[in-house]
Amino acid sequence: MNYQELEAYLYSNHTVSTVDENTVFQHFILNHDIVPYNNEYLTILGSDRDFHGVNHIISVHERNCPKIPMHIYHYIKINYVYHGNITIQLEDKKIALNKGDLIIIDKHVPHEILPTSMDDILINIILKVEFF
């Protein structure tokens, strides 16, 4: 994939969310373990994710996406803001990220991603601990 193809894909309808916040929350409740956390809930995303024989997964966080509830991974996650502005809640601190910023989130760190707009493009890089 060249740069023009990447740009076309990132700004295409393939990267636009079509669900609301309640649907996202229901998905988390039905598919993952939930525990109480700060008078709300924390989703524990399992360590059974399929990495298809490699140590990393790269994906695009959907544009125009509702809030992703507080959750933890058993992996290390890097979020890179390709375009726009993203706000991530890390435990009790909001982190504002702008185009070109990245954040590395260690395993077991509670975090949520606040709603994104049509202009916000976030790249997720999820790494197995063995990668390091």
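The lining of the largest pocket comprises 11 nonpolar, eight polar and four charged residues. Here Ala, Val, Leu, Ile, Met, Phe, Trp, Tyr, Cys and Pro count as nonpolar, Asp, Glu, Lys and Arg as charged, and the others, Gly among them, as polar. The model is predicted: local features need pLDDT of at least 70, side-chain atom pairs count only at pLDDT 80 or more, and totals for chains, interfaces and linings use all residues. Residues are numbered from 1 along each chain as its sequence is written, and side-chain values use heavy atoms, with hydrogens and water left out.

The largest pocket has a volume of about 550 Å³. Among the 23 residues that line this pocket, Phe28, Arg49, His61, Ile68 and Tyr73 are the closest to its centre. Two or more lining residues come from each of helix H2 (21–31), strand E3 (56–61), strand E4 (68–72) and strand E10 (121–127). H2 gives the largest share, four residues. A pocket is an open set of points on a 1 Å grid over the protein atoms alone, where a 1.4 Å probe fits, with protein on both sides within 12 Å along at least five of seven lines; lining residues have an atom within 4 Å of a point. Points are joined across faces, edges and corners, and a volume is the space filled by probe spheres set on them. Helices (H or I, at least four residues) and strands (E, at least two) are DSSP runs, numbered from the N terminus.

The second largest pocket has a volume of about 200 Å³. Its lining includes Glu21, Phe25, Tyr37 and Lys67. H2, strand E2 (40–44) and E4 each give two or more residues to this lining. By class, five residues are nonpolar, two polar and five charged.

An open sheet of four strands has the order E3-E10-E5-E8, with antiparallel pairing (at least two DSSP bridges between two strands). E3 and E8 are the edge strands, each pairing on one side only. Six bridges join E3 to E10. Histidine 61 has leucine 122 in E10 as its bridge partner. E5 (residues 76–83) is joined to E10 by seven bridges and to E8 (residues 102–105) by four. Lysine 77 is paired with isoleucine 126 in E10 and stands opposite isoleucine 105 in E8.
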